[in-house]
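User: I would like to learn how to read a model of this kind, one feature at a time. Could you give me the general idea in each case and then apply it to the structure shown here?

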Amino acid sequence: MICPKCKSIDQLDRFCGHCGHQLKEPCPECGEWEPIGRVVCKMAVEKIERKIIEAGIRASGKIFIYTIMLMCAVIPFLFVLSIHFFQQQDVVARIYFATFLAIIAWDIISRSWERRIKKSEKEKLFREHPEYVEILKKAGKM
Ligand SMILES: [Zn+2]
Ligand SMILES: [Zn+2]
């Protein structure tokens, strides 16, 4: 941060390394030394940012499960359907065909799914903790 007194930059300690001006004070919320004049508790903002990352990881987990479920449902279906295009004994060709189509289908629908699932996980987090929104807004991160 920049020292408000002497304007020297990159000051990370409690006191300015250049002029000795006090830059940090114990945060009344978390007790950590935080920049004087900060709008919200830095620890609180960091905690929320961690929660948002966790929500993203949860979303990825869900997307993975849905992918498996979709593949388990669609591949056998396409395999049965493939009898119209292949001989019954061409099992390997039919499996390739079914898997290939399933992957294309997944690729098309997953783009919108992924966005929606990630968005809904984040919305759920903010619904459960409305105070997070306030803190992020105060911190200028929303
Ligand atoms: Zn200074
Ligand atoms: Zn704090």
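This is a predicted model: local features need pLDDT of at least 70, side-chain atom pairs count only at pLDDT 80 or more; totals for chains, interfaces and linings use all residues.

User: Which elements make up the secondary structure of the chain, and in what order do they run?

Analyst: Helices (H or I, at least four residues) and strands (E, at least two) are DSSP runs, numbered from the N terminus. In this chain there are three helices and two strands, and from the N terminus on they follow the order β-β-α-α-α.

User: How do I judge the overall form of the chain, and what is its radius of gyration?

Analyst: The radius of gyration is taken over C-alpha atoms, and the globule rule is 2.2 Å times the number of residues to the power 0.38. For a compact globule of 142 residues the value would be near 14 Å, whereas this chain has 26 Å. Along the principal axes, the C-alpha atoms fill a box of roughly 85 × 30 × 20 Å, and 6% of the 142 residues count as buried.

User: Where do the domains lie, and what separates their centres?

Analyst: Domain bounds come from an automatic or database domain assignment. Here that assignment gives domain 1 (1-38) and domain 2 (42-138), with 44 Å between their centres, taken over C-alpha atoms.

User: How do helix 1 and helix 2 cross?

Analyst: Axes are lines fitted to C-alpha atoms, for helices over the stretch in contact, and angles run from 0 to 180 degrees between N-to-C directions. The axes of helix 1 (residues 42-81) and helix 2 come within 8 Å and cross at roughly 150°. Angles under 35 degrees count as roughly parallel, over 145 as roughly antiparallel, 65 to 115 as roughly perpendicular and the rest as oblique; helix 1 and helix 2 are therefore roughly antiparallel to each other. The crossing of helix 1 past helix 2 is right-handed, where the term means that the near helix is turned clockwise from the far one by less than a right angle, and left-handed that it is turned anticlockwise.

User: At what angle do helix 1 and helix 3 pack, and which residues meet there?

Analyst: Helix 1 and helix 3 (residues 130-138) pack at about 120°, with their axes 10 Å apart. That angle makes helix 1 oblique to helix 3, and helix 1 passes helix 3 in a left-handed crossing. Two residues are in contact if their C-beta atoms, placed from the backbone, lie within 7 Å. On the side of helix 1, Ala-44, Val-45 and Ile-48 meet Tyr-132, Ile-135 and Leu-136 in helix 3.

User: Where is Phe-86 placed, and what does Phe-86 touch?

Analyst: Phe-86 belongs to the loop between helix 1 and helix 2, and it is partly exposed because 15 other C-beta atoms lie within 10 Å. Not counting residues up to four places away in sequence, Phe-86 touches Ala-93, Arg-94 and Phe-97; the C-alpha atoms of Phe-86 and Phe-97 are separated by 9.4 Å. Gln-88 is also placed in the loop between helix 1 and helix 2, and Gln-88 is exposed, with 8 other C-beta atoms within 10 Å.

User: Where does the backbone have a positive phi in a residue other than glycine?

Analyst: Lys-7 has a positive phi of about 65° although it is not a glycine, and Asp-10, likewise not a glycine, has a positive phi near 60°. Lys-7 is exposed, with 11 other C-beta atoms within 10 Å, and Asp-10 is exposed, with 8.

How values were computed: Residues are numbered from 1 along each chain as its sequence is written. Chains are lettered from A and ligands numbered from 1 in the order in which they are written. A residue is buried if 20 or more other C-beta atoms lie within 10 Å of its own, exposed if 12 or fewer, and partly exposed in between; C-beta atoms are placed from the backbone.
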